[in-house]
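The following note sets out points on one chain and its surroundings. It is intended to be read with the coordinates open.

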Amino acid sequence: MALIQVENVTKIYRFGEHELKVLDNISISIEKGEFVCIMGPSGSGKSTFMNIIGCLDTPTYGKYFLDGVDVSTFGADELAEIRNKKIGFVFQQFNLLSRATALENVELPLIYAGVETKERKERAKNVLSKVGLGDRVNHYPKQLSGGQQQRVAIARALVNNPSIILADEPTGNLDSKSSMEIMEIFKILNDEQGLTTIIVTHEPDIAAFGKRQIRFLDGRIVCDSNICTQERES
Amino acid sequence: MISVSSVINIALRSLIVNKMRTFLAILGIIIGVGAVVTMVAIGTGASSKISQQIASIGSNLILILPGATTQGGIRMGHGTLQTLTMSDAEAIAKECPAVVSVAPVISGTAQVVFGNQNWSTAVMGTTPDMVIVREWEIISGRFITEQDVRSGTKVAVIGQTVAEKLFGDLDPMGKLIRIKKIPFEVIGVLDKKGQTFTGQDQDDIIYVPISTSQRTLFGQVLPGRVRLIYAKAATLESISQATEQIKTLLRQRHRIGPNQEDDFTVMDLTQMLKAAEESTKTMSILLGAIASVSLLVGGIGIMNIMLVSVTERTREIGIRMAVGAKPKDIRMQFLIESLFLTTIGGVVGLLLGIISSLMVSSIMQWPISISVFSALIAFGFSAFVGVFFGFYPAYKASTLNPIEALRYE
């Protein structure tokens with residue numbers, strides 16, 4: 001079975017009497033080591049899809065197998081544990097704790113994993129050096145540039161050796177130079193470590209980094225590059 | 001599983017960041033705990049002072065005073081008629097089963113001289129049972145004996161104040177003092193009792209044999225009459241019984257008809273003090289209750305601050321949840337924060353309470369009575385307030401939806 005196996009997933013939000021079908025019967029599988037870019041206009045359901053893949057949310061109907069385990073019925077505690085062990089998030093807003101240093105931010109997932117202080121600091125330092133911030137460990141987020149903050153966030157996503165990196169518009173708040181630097185990091189991680197990476201973006205040049213492109217519209221997948229290619233070939 | 005030290009570390013850091021807010025939240029608890037500790041200390045101090053006085057006047061003490069008489073329609077005060085006699089005292093001792101000891105007194109104020117020192121003090125002629133009735137401790141020598149009373153010897157047992165005023169550092173034993181210019185040998189020194197609740201110095205006293213007092217110091221117009229009689233009931237419960245027995249006996253002995261007023265008064269000092277003790281206890285409970293309200297208000301303050309803190313840190317909570325914090329981790333973090341607030345408040349409030357109790361006790365001359373128990377109660381209660389008022393905000397934080405929390409601006 002694929003690393004990510006989504007079967008007939010539907011997500012419905014209810015606002016009183018109104019129902020909003022955000023995801024409409026989606027099925028997709030993503031193999032280990034893939035680099036997927038998800039595109040689509042706002043409201044197309046790509047963020048909801050990411051939330052479900054990232055175990056922040058559960059589908060209303062359908063099944064989601066992560067690493068062969070059906071997580072669509074998991075409770076809050078089990079989902080938290082999966083997020084901690086298997087998933088690394090990178091957000092558009094960076095989402096760093098402003099009162100904590102770069103090192104402390106990177107340590108955060110390890111605290112909840114129950115890793116002891118000494119090992120935690122060591123691992124966090126190593127990952128920060130990997131993303132090129134070995135000399136900035138004791139800086140606070142506001143002392144860092146946008147690109148550097150996003151690199152801290154990537155280090156935080158990587159520190160607990162996740163199976164998947166999920167990045168929701170990671171370059172949305174960055175200038176083009178920083179954007180390219182960040183995308184280079186994702187590319188290297190994918191090429192060298194085979195880290196499964198899923199990135200949401202609406203910039204075509206960012207999407208071009210992906211080896212597979214998926215396009216969302218109105219809660220459905222309207223184009224999957226593998227399939228698109230097949231269609232073109234046929 | 002997240003380690004305890006990490007949770008504490010996280011909680012402490014967020015408290016340090018918001019110093020002013022943390023201080024204000026703690027202030028409510030400080031005032032609350034401080035007020036509880038002070039009020040309870042004042043209350044128990046007051047009642048322990050009264051208990052001390054009960055012990056110092058002698059337990060189960062009954063005072064029999066000569067009655068007020070009416071002369072030509074004018075009612076006079078206690079003791080205007082000398083209606084009590086030595087034989088009344090003896091009869092009470094013999095015929096009232098609820099009374100264990102009796103000591104009649106013939107007393108007056110006299111100038112006492114030793115060497116070049118002189119002092120005006122109360123001189124009481126009494127019987128050996130006075131030691132039992134008033135529960136005096138003799139620190140050196142002996143008290144008056146039956147032999148002294150029978151032969152009317154000129155011996156004196158002196159209180160601490162008299163010893164100090166006349167003898168200073170000298171040993172008074174065996175020395176001759178002059179009471180109304182008549183020489184008396186000091187045969188005993190009494191232990192210190194301190195002041196009565198009316199502020200009278202109980203150690204400013206000299207006891208002499210009642211016979212000597214009658215004959216040579218305060219000769220009565222009518223022989224055999226006494227100023228007052230002390231009696232001691234067997235137990236606290238038998239005081240009222242003893243009082244009744246004394247009344248009945250004396251009415252009978254004084255031939256008082258059914259419609260006539262007593263020509264004596266029986267005062268139950270212990271009962272009076274017990275009542276006072278009860279009312280101080282009630283007062284201290286009341287004071288404590290009022291102070292607890294301020295602790296409660298402090299707790300509500302903590303809850304308010306914690307709710308604000310949870311709302312303000314919604315995004316932080318979202319981030320923590322995204323990287324793997326379980327609801328219970330979040331709950332623990334906020335619970336420990338509020339627990340820290342209140343226990344720090346509890347410790348500081350306790351110190352403040354101790355300081356203010358010491359101040360009150362030094363200003364009002366009350367004995368200090370900060371019990372470990374009341375300190376523990378105040379401390380425990382503040383911790384309880386932390387958990388109780390911290391729980392709702394912590395619960396609220398733990399049930400946040402991570403997606404919404406991450407989007408929170």
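1. A residue is taken as buried when 20 or more other C-beta atoms lie within 10 Å of its own. By that criterion, 44% of the 409 residues of chain B count as buried. The model is a predicted one, and every point below should be read accordingly.

2. As to overall composition, chain B comprises 13 helices and twelve strands. Its contact pattern may be described by sequence separation: among contacts between residues at least 6 apart in sequence, 82% join residues at least 24 apart.

3. Five of its five residues are buried, and the strand is accordingly described as mostly covered. E10(B) pairs with strand E5 (residues 117-126) of chain B in the parallel sense, over five bridges. Within that strand, B:Ile205 is the bridge partner of B:Ala122.

4. E10(B) also pairs with strand E7 (residues 155-158) of chain B, here in the antiparallel sense and over two bridges. In this case B:Ile206 of E10(B) stands opposite B:Ile158. In a regular strand, side chains alternate between the two faces of the sheet.

5. Which residues have the most contacts inside the largest nonpolar core? They are A:Val106, A:Ala155, B:Ala156, B:Ile206, B:Ile229 and B:Ala231, in a core of 174 residues. Helix H2 (residues 19-57) of chain B gives the most to this core, namely 17 residues. At least three residues are drawn from each of domain 1 (4-53 + 275-407) and domain 2 (82-262) of chain B. In soluble globular proteins, nonpolar side chains tend to be buried together.

6. With neighbours within four places in sequence left aside, B:Ile229 is in contact with B:Ile64, B:Leu84, B:Asp88, B:Ala89, B:Ile92, B:Val102 and B:Pro104. The list thus includes the charged residue B:Asp88.

7. Turning to the interface, 19 residues of chain B are in contact with 20 residues of chain A. On the chain B side, the elements giving two or more residues are helix H1 (4-17), helix H10 (314-322), helix H11 (327-364) and helix H13 (402-407). H10(B) gives the most, with five residues. By class, this side has twelve nonpolar, three polar and four charged residues.

Definitions and conventions. Residues are numbered from 1 along each chain as its sequence is written. Chains are lettered from A and ligands numbered from 1 in the order in which they are written. This is a predicted model: local features need pLDDT of at least 70, side-chain atom pairs count only at pLDDT 80 or more; totals for chains, interfaces and linings use all residues. A residue is buried if 20 or more other C-beta atoms lie within 10 Å of its own, exposed if 12 or fewer, and partly exposed in between; C-beta atoms are placed from the backbone. Helices (H or I, at least four residues) and strands (E, at least two) are DSSP runs, numbered from the N terminus. Two strands pair if DSSP finds at least two bridges between them. Two residues are in contact if their C-beta atoms, placed from the backbone, lie within 7 Å. A nonpolar core is a set of buried Ala, Val, Leu, Ile, Met, Phe, Trp, Tyr and Cys residues joined through C-beta atoms within 7 Å. Domain bounds come from an automatic or database domain assignment.
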